[in-house]
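Thanks for coming, everyone. Let me put the structure up, and then we will walk through it together.

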Amino acid sequence: MGYRVYAGRIERAEGAFREGSWVGFRWVDRVTLYDAAGDHIEGDVPGQVVLDPVLTQEKNQLNSFECSIPYEIETPFATIRNPVYDALKLRKSWVCVEEDDKPIFVGRVTELEKQFDRSWRVYAEGALGVMQDESWKLDPATYTLTKARNETSKWFDTYYADTLFNQLFALGRADCGLICIGKVTVQNGKTIDTTDKGTQIDTHWNLLNTLFLDEYDGYLRTRIETSGDVWRICVDYLLDIEETTRQAIYYGSNLLDLTYTEKIPNDFATRITAYGSKTESHGWWIWKKYSTSAIVAVAKNEEAESKYGVVEKIVTVDGDTTEASLQETADKQLKEYKQDVEPSLMIEAFDYKDTGRDLDRLQFLKKTHVVSEPHGIDGWYVCTKTALTLDAPDNKRYEYGLPPRKLTDQQNANTTNQKTIKNQLRGVLSWLNK
């Protein structure tokens, strides 16, 4: 149980997964860097040949692993040169972090920094970092965003499908059999027109952020699957997180501290006033005259105004219009703003898993039930960020939040607004081991 970290080289391989034969990768060789239980360290070498191992995971970001490799280590008999001191190579070595014997992170070494005491500071970037290796020329066209994939469809049915999301993961030589498309539930079957943006040239990762994550939000998740000694990394793009933990956080039990805050969000408005003009004709035939007058339409949320007062945004419509069309514009604009407070939840708790209880861990991109009756808190929160100090459980930190309102509104209405501020409902969970 606990955490184990190892590093080594990988090669392209083929494995028999449940959908059929898949291209993936296998480990050519590897060395253990950290083992909480000490089961995978040979001889008299201690179970930790690295210092300060930290795994950082954040929603829709490239996850990372960091550690230090000292030049020398202490054994029960003598001080010796660290056996893994020269083991890691820039961009050639890959690192894996296991939690309770299950791999939760795979990434390649992208930075090696030698310190004054001759120790190495190592930085490994998550597997999706390969999307930064190649650029892509996106021609002006109308593209289908995503396509639903069921559990029985073949890999090539989705991977080579004519969708923008799948094309971004066609990584060519940078792939090395690492990545495949998993479950996709965001904007299925919808299209995007890029004809007015001209030719776009950027890395696969930047285009993924620009065309999907910044625009639609959602949850980009990587899952590691194995078939014998062959591994693959599945990429899911999800509207919501379905997985939950069997461990809840309760007031008077494993909840140690909580702060609940309400604030007015940045993209807030209770009223939209739209200004336009209309042209009317008077008279008949050669005596007909035309007059143009200003018109105004107002859309407002009376309930929100009664609670928070009037917060007005103004829009203008160019050209000739009508009262009905102007009112429709105001109503539509109001829906693109929030009319309620945005709560945040700060949490400190400890995880019963560390005490040996048969419960799920509080994990990244899983929902946990948080209940605190004195504070009126009772809901499911998604873990959106973790900082796992593998050798110091009392310093682990987690952030929790609810599904972004921006994502839900867009999925239901199939509309987007690039200027909308992302919902930042989140809390912080410190994992304390007592």
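Start with Asp360 and Arg246. Their side chains meet in a salt bridge, 3.5 Å from N to O. By salt bridge I mean a side-chain nitrogen of Lys or Arg within 4 Å of a carboxyl oxygen of Asp or Glu. Asp360 lies in the loop between strand 22 and strand 23, and Arg246 in the loop between strand 16 (230-238) and strand 17 (249-250), so the pair ties together parts that are 114 residues apart in sequence. Helices and strands here are DSSP runs, helices being H or I with at least four residues and strands E with at least two, numbered from the N terminus.

Before going on, a word on what you are seeing. This is a predicted model, in which local features need pLDDT of at least 70 and side-chain atom pairs count only at pLDDT 80 or more, while totals for chains, interfaces and linings use all residues. Residues are numbered from 1 along each chain as its sequence is written, and side-chain values use heavy atoms, with hydrogens and water left out.

Back to our pair. Are these two buried or exposed? Asp360 counts as partly exposed, at 22% relative accessibility. Arg246 counts as exposed, at 52%. The cut-offs are these: buried is under 20% relative accessible area, exposed is over 50%, and partly exposed is in between, with a 1.4 Å probe and protein chains only.

How many salt bridges does a search of the whole structure find? The number is 26. Take Asp100 and Arg361, where the closest N and O atoms are 2.7 Å apart. This pair links distant parts of the chain, 261 residues apart. Asp100 is in the loop between strand 7 (94-99) and strand 8 (102-114); Arg361 is in the loop between strand 22 (342-349) and strand 23 (367-372). Both Asp100 and Arg361 are buried. For Asp100, the relative accessibility is 14%. Asp100 also has a positive phi, about 55°, although it is not a glycine.

Arg118 has a positive phi as well, near 75°, and is a residue other than glycine. Look for Arg118 in the loop between strand 8 and strand 9 (120-126). Arg118 counts as partly exposed, at 43% relative accessibility.

One more salt bridge: Glu225 with Arg232, at 2.5 Å from N to O. Glu225 counts as buried at 17% relative accessibility. Arg232 counts as buried at 1%.

Now for two threonines. Thr270 sits in the loop between strand 18 (255-263) and strand 19 (271-282). At 0% relative accessibility, Thr270 counts as buried. What does the side chain of Thr270 make a polar contact with? The side chain of Glu305, at 3.5 Å. A polar contact is a pair of N or O atoms within 3.5 Å; within protein, one must be able to donate a hydrogen and the other to accept it, and residues adjacent in sequence count only if both atoms are side-chain atoms. A polar atom of the Thr270 side chain also lies 3.4 Å from the backbone oxygen of Gly309. Beyond its neighbours within four places in sequence, Thr270 is in contact with residues including Ala299, Val310 and Leu334. Contact means heavy atoms within 4.5 Å.

Thr75 is the other one. Thr75 is in the loop between strand 5 (72-74) and strand 6 (79-81). Thr75 is buried, with a relative accessible area of 14%. A polar atom of the Thr75 side chain lies 2.6 Å from the backbone oxygen of Ala78.

Leu334 brings us to helix 5, where Leu326, Ala330 and Leu334 are buried. Seen down the axis of helix 5, the buried residues fall within an arc of 75°, so they line one face of the helix. That arc is taken from the directions from the helix axis to the C-beta atoms. On the other side, Ala324, Glu328, Lys332 and Lys335 are exposed.

Last, confidence. The mean pLDDT of the chain is 81, and 81% of its residues reach 70 or more. pLDDT is the predictor's confidence in each residue, from 0 to 100. Where does pLDDT stay under 50? Residues 155-160 are one such stretch, and residues 405-434 are another. Where pLDDT is low, the predicted coordinates should not be read in detail.
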